[in-house]
Amino acid sequence: MESESKRKKESPNTAELAVTASFPDEVLEIVLSLLTSHRDRSSVSLVCKDWYRAERWSRTQVFIGNCYSVSPEILTRRFPNIRSVTLKGKPRFSDFNLVPPNWGADIHAWLVAFAVKYPFLEELRLKRMAVSDESLEFLASNFPNFKLLSLLSCDGFSTDGLAAIATHCKNLTELDIQENGIEDSSGSWLSCFPESFTSLEVLNFANLTSEVNTDALERLVSRCKSLKVLKVNKSISLEQLQRLLVRAPQLEELGTGSFLQDLTARPYADLESAFNNCKNIHTLSGLWEAVPLYLPALYNSCANLTFLNLSYTALQSGEFAKLVVHCPRLRRLWVLDTVEDKGLEAVGSNCPLLEELRVFPADPFDEEIIHGVTEEGFVAVSFGCRRLHYVLYFCRQMTNAAVATIVQNCPNFTHFRLCIMTPGLPDYLTNEPMDEAFGAVVKTCSKLQRLSVSGLLTDLTFEYIGKYAKNLETLSVAFAGRSDRGMQCVLEGCPKLRKLEIRDCPFGNEALLSGLEKYESMRSLWMSACNVTMNACRRLAKQMPRLNVEVMKEDGSDDSQADKVYIYRTVAGPRRDAPPSVLTL
Amino acid sequence: MSTTPLEHDYIGLSESSSVPRSSDKLSYSSSSSSCTEENYTSSNKACLNFKETELRLGLPGSQSPGRKPSHGLSLFGKDIENNNSNSNSNNTNGYAAPSPLKSLVSGAKRGFSDALDGVSRNWGLSINGKPDAELGKGAVLAQVVGWPPIRSFRKNTMASNLVKNNDAAEGKSGSGCLYVKVSMDGAPYLRKVDLKIYSNYMELSSALEKMFSCFTIGQCDSHGLPGQDGLSESRLMDLLHGSEYVLTYEDKDGDWMLVGDVPWDMFTETCRRLRIMKGSEAIGLAPRAMEKCKNRT
């Protein structure tokens with residue numbers, strides 16, 4: 001390391017010599033090692049060869065937003081000292097079943113390379129990757145210092161893989177399993193943590209359904225004195241939860257199990273006191289099947305809550321309003337639309353510090369019973385919560401006027417994701433398209449980084465976006481637009497655009513090809529069910545060799561149409577692990 | 001550019017080739033992305049024509065007597081009529097409904113903006129203040145792949161939660177209802193029934209008959225013309241107990257059982273959802289039903 005990092009003095013310019021002599025590489029590396037933002041590090045590495053070298057030696061964490069943009073070989077060659085890797089795989093629309101199975105993004109090749117080059121790897125965070133039990137077993141056996149595993153929206157593994165991790169990772173501090181397509185065959189994996197194992201700080205198995213051995217869980221919680229985050233699954237009852245809380249009063253984040261049980265007075269009092277004893281809880285989630293009867297046990301704990309995740313609990317407006325009165329410090333709130341507008345009004349009245357709101361639909365396909373939230377709830381929150389900057393809102397109706405009011409109240413939106421659930425629905429009061437709503441958003445919210453649009457939209461929406469959304473990085477579009485011009489406006493007008501995902505829009509070849517140079521400055525483009533042809537894709541692929549142009553064909557569709565197109569920049573060349581349904585052009 | 005007209009040509013093609021394929025893909029599941037071959041011209045002609053031949057044995061263009069549009073479905077029927085002068089606009093039945101919906105199915109190749117214009121404008125107009133309109137919206141969503149954009153994990157979790165809430169509904173004050181979903185093989189969307197409002201199997205089956213009559217009419221009558229007053233109860237029972245369709249339900253254990261074997265009260269307690277299944281697919285259910293009954297007693 002020493003010899004490589006000492007710069008060979010090739011051009012003896014005195015001024016240069018003086019500067020470099022006073023700033024040896026070791027110092028540079030120490031300074032750079034304080035940099036944590038990967039964007040800053042990328043900038044630093046571009047300054048000059050010295051800095052590039054110093055940066056690559058000092059980098060310990062790497063974030064790869066698209067696993068196919070680089071290969072394990074290239075990565076390990078450039079960065080010799082990595083301890084923490086974050087990898088994202090499949091295009092986001094794979095979450096919604098739009099990507100064929102076996103598409104790729106398999107972690108195994110990476111692990112094999114890491115075993116050789118990064119044997120001291122400590123952290124692995126994966127999102128939308130294909131992970132097999134075999135890979136998890138490999139991971140558990142080849143990295144003695146391994147500490148942190150986080151899997152979000154991954155698939156391909158089962159609880160057997162988790163058992164391998166629990167059994168072999170002696171230094172594990174974090175096991176975080178979230179919203180994965182996991183095959184849950186049994187809860188016995190939890191019992192695989194050896195009795196001598198005490199290092200756990202984060203345990204999240206809320207995703208799983210199988211019953212775990214509660215004695216083993218209790219013992220685990222008791223001996224892991226540094227446990228800060230515990231998120232259990234549905235199989236854990238209230239009584240069992242109480243016993244866990246008593247053993248871990250230091251908890252900061254709690255995901256409860258089932259909140260439904262027949263508790264008589266004594267166990268209820270015990271539960272309440274256990275909650276009261278956990279004075280550090282700032283994040284609460286779970287509450288599966290919560291019966292409102294027991295919610296008051298939480299009231300005291302809610303005083304310090306900053307993040308409340310009720311997105312798996314179908315609370316009605318009344319009981320939710322009663323709960324939210326006790327949460328004055330709330331900054332992030334995730335709820336189901338069963339709380340209705342009234343519930344959101346309560347949020348507006350009680351949570352002035354709120355920064356993030358996500359409202360999920362409890363039953364989006366329900367035709368007979370209409371619940372849910374409308375524009376009124378959103379407006380009510382905007383009046384009461386002026387710091388709101390992140391919103392994900394599923395609703396069945398919206399108006400242009402309401403959105404204009406909302407952004408007037410809250411001009412600091414960085415993430416505005418509005419999903420009017422019926423595709424192509426206009427303003428229900430005026431019957432006009434929703435163009436002016438999103439126009440208001442981009443005109444008012446200059447810090448906007450992420451936007452998802454919905455409702456009936458013409459090209460005007462995209463003209464607005466191209467003209468005003470100068471900080472926009474991610475745009476999601478579905479069932480919108482009238483012509484190629486829409487997409488062109490966005491490609492021409494948004495300098496910071498990194499991810500563009502489009503489905504079911506009338507954008508065609510002209511639009512696709514207008515972004516020729518742009519795509520290299522973006523992470524990726526997804527277009528499905530649009531009017532793009534294979535020939536246009538081939539032309540794009542031919543002219544831009546540093547882009548991978550992949551087309552996913554559907555059975556029985558016309559050969560000249562490109563049903564689903566995924567285009568991304570890469571230094572690794574075309575990938576070799578694509579399934580037959582994915583054509584690389 | 002000359003590429004544009006080419007694509008419109010492409011879109012206008014293969015109406016006929018889409019017909020046989022689409023005919024057996026009427027029951028959409030949210031994971032199916034195979035309903036993409038439907039070619040949708042701006043006049044809706046292709047869709048409506050195939051619908052005619054697929055599901056009704058009457059002559060194209062003939063009004064089926066006694067066939068009243070059920071509430072909500074006229075939403076689409078009326079609108080399609082308004083839109084298309086040269087189509088078979090007598091579709092005041094529910095079958096016009098799927099046509100605009102098909103245009104939304106991911107991957108459908110068509111003059112999209114035309115389709116959406118027609119569809120969404122009409123939705124906009126009709127939806128205002130009409131309870132009927134709610135039916136249409138849900139029907140649409142059930143067909144579009146991957147929409148609304150919710151992760152499968154969440155969808156599956158909420159689906160099972162909802163069923164549990166239904167089960168527990170009796171315990172809740174003021175909401176003594178027990179909604180279960182009813183699907184029928186071949187029908188484009190699901191319905192929901194409240195089991196609590198019926199007191200026996202006969203009432204349930206006649207309610208189902210009314211709900212699904214528009215879907216079954218094409219199958220039942222050998223003369224090629226639907227019955228005078230729609231489908232009579234006995235006809236549906238014949239249908240249901242005959243070779244065509246079988247009424248089944250999913251119980252608490254996740255098993256599919258034949259309806260009618262257990263006492264009504266036990267049925268409402270254990271039924272999670274209903275499915276009107278094609279007779280050919282129901283083979284093999286009977287033995288399990290018998291076994292379960294034995295185990296229960």
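1. Two strands count as a pair if DSSP finds at least two bridges between them. In this predicted model, strands β3 (residues 245-251) and β5 (residues 271-278) of chain B are joined by seven bridges. The two run antiparallel. Look at B:Tyr245: its opposite number in β5(B) is B:Lys278.

2. As background, strands of a sheet pair through backbone hydrogen bonds, either parallel or antiparallel.

3. Check the confidence before reading chain B closely. Its mean pLDDT is 54, and 30% of its residues reach 70 or more. Residues 169-175 of chain B lie below 50, and this stretch has four contacts beyond near neighbours in sequence. Residues 286-290 of chain B stay under 50 too. For them the model has six contacts beyond four places in sequence. Where pLDDT is low, the predicted coordinates should not be read in detail.

4. For the model as a whole, the scores are ipTM 0.87 and pTM 0.71.

5. Turn to chain A. A:Thr570 sits in the loop between β22 (564-569) and β23 (582-584). Is A:Thr570 buried or exposed? Its relative accessible area is 8%, so A:Thr570 is buried, the cut-off being under 20%.

6. What does A:Thr570 touch? Beyond four places in sequence, its contacts are A:Tyr68, A:Ser69, A:Val70, A:Arg546 and A:Asn548. Its side chain also reaches the backbone nitrogen of A:Ala572 at 2.9 Å.

Conventions: Residues are numbered from 1 along each chain as its sequence is written. Chains are lettered from A and ligands numbered from 1 in the order in which they are written. This is a predicted model: local features need pLDDT of at least 70, side-chain atom pairs count only at pLDDT 80 or more; totals for chains, interfaces and linings use all residues. Side-chain values use heavy atoms; hydrogens and water are left out. Helices (H or I, at least four residues) and strands (E, at least two) are DSSP runs, numbered from the N terminus. pLDDT is the predictor's confidence in each residue, from 0 to 100. Contact means heavy atoms within 4.5 Å. Buried means under 20% relative accessible area, exposed over 50%, partly exposed in between (1.4 Å probe, protein chains only). A polar contact is a pair of N or O atoms within 3.5 Å; within protein, one must be able to donate a hydrogen and the other to accept it, and residues adjacent in sequence count only if both atoms are side-chain atoms.
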